[in-house]
Amino acid sequence: MPITLESAFRHFLICIGILILAACDSTDDTPDADTIYFNGNILTLSAHAEKVTAIAFKNGRVQAIGTRIGVKRHQGDLTEMIDLDGNTMIPGFIAGNSQFSQLLEQKGDIEQVQQLFASQGITTLVDIGINNEALTTLQSQANANKLVLDIIAIPNVSEMEALVDSDQVSFGQYNNRLKVPGFFLALDGTTSNYSAWMAYPYQEDPALPESNWRSEPLMPFSIFQNTFQLVVENELQLFVHAMGDAAIDAIIQASYDLKLNAGQDQRHVVMMSRFMRNNQLQQYAKLGLVACFDTSNIYQEGEDDMEKLGLSRANGQSPIKQALEDDLPASNICFLGPTPPDTIFTLWSAVNRVTKDEEIMGSGLRLSPLQALTAMSEQAAYQFFEEDNKGELVPGKQADAVILSDNPMSIAPGLIRDIEIIETIKQGRSIYRRPSTLTSEGNKP
């Protein structure tokens with residue numbers, strides 16, 4: 001049918017009408033926020049966000065970020081307006097190795113134990129090296145909706161056959177805040193008792209089992225390699241404790257034997273990676289291995305490390321700065337122990353690298369506050385395939401946040417240790433709050 005001037009005009013009017021309706025619908029894309037925090041320093045940890053002083057949460061996720069005026073468009077009659085009073089908000093911390101079940105067994109109260117972690121600003125914790133009994137306990141707590149934190153449970157590799165062949169676990173998926181991504185094994189011990197497996201001998205000492213002692217692996221290489229292969233065949237992650245560079249060499253060799261590469265994106269994690277060599281970082285990058293460090297060891301054991309390994313190896317430990325600058329994923333908070341890790345202390349240690357005797361250990365490896373914060377949130381989220389949901393305070397991601405008494409980015413590095421945690425927020429809901437800190441304005445404009 002030929003197009004007339006009249007039909008063309010009618011078509012034009014219809015198109016204009018559709019556009020007007022679409023425009024009316026688009027004005028409804030700002031539903032009321034549940035909570036708006038304003039008047040503070042909001043460190044989104046996103047490279048794409050400008051200066052942020054206000055943030056809106058809706059249905060457990062970040063709804064909007066920006067200035068108070070900009071975010072205020074999401075304010076409704078029921079929106080709770082909370083004045084940060086100049087305090088600093090950051091993404092929630094992810095504790096990479098918390099041994100939660102061990103603490104739960106000691107105290108027996110799931111709410112009390114979770115509150116201990118929440119008081120440290122932890123919104124996701126990792127319970128590593130547990131047995132099937134502990135996993136069953138966690139699952140029962142999850143099924144009873146008792147978990148307020150996200151818990152990533154990593155059973156010992158000795159439980160793999162029983163769990164993989166059963167319907168007990170849906171690997172890699174959260175079920176009522178509980179997820180199992182893979183299995184854990186320890187390949188060596190620690191330097192404190194000379195059981196970290198080193199490529200070069202420890203310093204001579206009468207306490208050594210023998211001269212030129214390097215320690216040894218906790219299992220034969222063939223068994224480790226076969227175990228690693230089974231994990232890979234089941235498309236799961238392996239989390240390996242490796243303190244010494246010889247243990248790390250064995251992981252690298254097994255990874256090459258299994259034909260792993262970064263393009264496969266399997267993200268097997270080397271817990272601690274404490275005394276790794278710089279050339280091993282390059283191998284991590286090729287193989288797609290992820291390093292998880294704990295810089296707090298520098299303060300706790302720095303002098304002892306120098307006595308046992310010499311100044312050079314002690315200074316070079318936990319080279320997380322080199323890893324990040326080489327674009328290698330690397331987190332920092334592989335804390336070992338039954339008590340919740342001190343997150344602010346870990347942050348301070350990464351920035352300062354100071355021993356108990358106030359000696360700087362590896363000055364060139366000190367992180368900037370931004371790098372240190374990222375290593376405890378965004379980088380940690382990556383190692384568990386959760387970077388799309390956690391680690392940054394940007395629209396669409398989970399509203400997991402911590403409010404600090406000061407801004408780690410603007411105070412002297414030595415003062416970071418004095419920062420206090422004011423509030424911890426999990427998916428938009430406050431789960432820990434220091435008494436008499438934040439001011440709620442209800443729905444005030």
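The structure is a predicted model, in which local features need pLDDT of at least 70 and side-chain atom pairs count only at pLDDT 80 or more, while totals for chains, interfaces and linings use all residues. Residues are numbered from 1 along each chain as its sequence is written, and side-chain values use heavy atoms, with hydrogens and water left out.

Strand 6 (residues 88-91) has a parallel partner in strand 2 (residues 41-42), with two bridges joining them. Strand 6 also runs antiparallel to strand 16 (residues 401-404), this time through four bridges. Thr88 turns up in both pairings: it stands opposite Asn41 and opposite Leu404 in strand 16. Strands here are DSSP runs of E, at least two residues long, and helices are runs of H or I, at least four, both numbered from the N terminus; two strands pair if DSSP finds at least two bridges between them.

On the aromatic side, there are ten pairs, counted when ring centres of Phe, Tyr or Trp (its six-membered ring) lie within 6.5 Å, with planes under 30 degrees apart called stacked, over 60 edge-to-face and the rest tilted. Phe224 and Phe228 make a tilted pair, at 5.8 Å between centres and 45 degrees between planes. Both are buried, that is, under 20% relative accessible area with a 1.4 Å probe, protein chains only. Ring pairs also bring Phe221 into a cluster with Phe224 and Phe228.

As for charges over rings (NZ of Lys or CZ of Arg within 6 Å of the ring centre and within 35 degrees of the ring normal), Arg267 has its charged end over Tyr382, 3.7 Å from the ring centre. Arg417 lies over the face of Trp348, at 4.8 Å from the ring centre.

Key. Buried means under 20% relative accessible area, exposed over 50%, partly exposed in between (1.4 Å probe, protein chains only).
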